[in-house]
Amino acid sequence: MSAIRIQKIGITHLSADAIVNAANSSLAAGGGVCGAIFSEAGYQQLASACEKIGRCETGNAVITPGFRLLAKYIIHAVGPVYQDGNHREPQLLYSAYQNSLRLAEEYHCHSIGFPLISAGIFGYPKKQAWRKALQACMDFISDHPDYEIDIVFAVLDDETKAMGEDTLAELKSMKY
């Protein structure tokens, strides 16, 4: 049975079929989650794989091998830079999660680790980012009842974890 969990762990330490990199559209190494993934996966190998792909537009996702990570694959999802919520940010964020999950299914991944995309240096308000992330994942599970996937959100602090758990409980009770 598919499930969504929130865990306090560095995403590079997750044992999952795929982990998701909160990428930029040029697929270049960055800071935060992206920098940690490049470092742990093997910078040169991952940078070379990303250069071959070239770009990824906001709201989309691409896939590379996991190289030295526990995960077999890295899905690079480009979330929006938050401006004010009126520049398609919610739709683009939702799309980044949905496209990541579609790639996971295409590559037969039954476990995936997500960061909270766009909620770091891209400035998306955390509560709103949680709502879009969890809606996208819940919708994917609902729309693909025959595909089993374990979705884990890897977060680094108790406050973010609690906010995600509260949002998940709220959405489950509402069935939005």
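Figure 1. Phe 67 touches Ala 41, Gln 45, Leu 46 and Ala 49, leaving out residues up to four places away in sequence; contact means heavy atoms within 4.5 Å. The model is predicted: local features need pLDDT of at least 70, side-chain atom pairs count only at pLDDT 80 or more, and totals for chains, interfaces and linings use all residues. Residues are numbered from 1 along each chain as its sequence is written, and side-chain values use heavy atoms, with hydrogens and water left out. Helices (H or I, at least four residues) and strands (E, at least two) are DSSP runs, numbered from the N terminus. Phe 67 has 31% relative accessibility and counts as partly exposed. Buried means under 20% relative accessible area, exposed means over 50%, and partly exposed lies in between (1.4 Å probe, protein chains only). Gln 45 is 22 residues from Phe 67 in sequence, yet their C-alpha atoms are 7.3 Å apart in space.

**Figure 2. The two sides of helix 2 (residues 43-53).** Leu 46, Ala 47, Ala 49 and Cys 50 are buried in this helix. Seen down the axis, the buried residues of helix 2 fall within an arc of 160°, so they line one face. The arc is taken from the directions from the helix axis to the C-beta atoms. Gln 44, Glu 51 and Lys 52 are exposed on the face turned away from the buried side. What do the buried residues of helix 2 pack against? They pack against helix 1 (32-41), strand 3 (61-65) and strand 4 (73-78). Just after helix 2, Gly 54 takes a positive phi of about 100°.

**Figure 3. Cysteines without a disulfide partner: Cys 34 and Cys 56.** A disulfide is a pair of cysteine sulfur atoms within 2.5 Å. By this rule the count is zero. For Cys 34, the nearest cysteine sulfur belongs to Cys 50, 7.7 Å away. Cys 34 is buried, at 3% relative accessible area. For Cys 56, the nearest cysteine sulfur is again that of Cys 50, at 9.7 Å. Cys 56 is buried too, with a relative accessible area of 3%.

Figure 4. Two strands pair if DSSP finds at least two bridges between them. Strand 2 and strand 4 run parallel, joined by six bridges. Here Ala 18 has Tyr 73 as its bridge partner in strand 4. Strand 2 also runs parallel to strand 5 (residues 111-114), with two bridges between them. In strand 5, Gly 113 is the bridge partner of Ile 19.

**Figure 5. The largest nonpolar core, with 38 residues.** A nonpolar core is a set of buried Ala, Val, Leu, Ile, Met, Phe, Trp, Tyr and Cys residues joined through side-chain atoms within 4.5 Å. Which residues touch the most other members of the largest core? They are Tyr 97, Ile 112, Phe 114, Ile 151 and Phe 153. Helix 4 (residues 126-143) gives the largest share of this core, nine residues. A second, separate core has 20 residues, including Cys 50, Leu 69, Ala 71 and Ala 154.

**Figure 6. Surroundings of Phe 114 and Ser 100.** Neighbours within four places in sequence are left aside for Phe 114 and for Ser 100. The contacts of Phe 114 include Ile 11, Val 20, Tyr 97, Ser 100, Leu 101 and Cys 137. Among its other contacts are Ile 151, Val 152, Phe 153 and Ala 154. Ser 100 sits in helix 3 (residues 89-106). At 0% relative accessibility, Ser 100 is buried. Ser 100 is in contact with Val 20, Ala 61, Ile 75, Ala 77, Ile 112 and Phe 114.

**Figure 7. Aromatic pairs, seven in the whole structure.** Rings of Phe, Tyr and Trp (its six-membered ring) pair if their centres lie within 6.5 Å; planes under 30 degrees apart count as stacked, over 60 as edge-to-face and the rest as tilted. The rings of Phe 38 and Tyr 43 have centres 5.8 Å apart and planes at 50°, so this pair is tilted. Phe 38 is buried, with 2% relative accessible area, whereas Tyr 43 is partly exposed at 44%. Ring pairs also link Tyr 97, Phe 114, Trp 130 and Phe 153 into a cluster.
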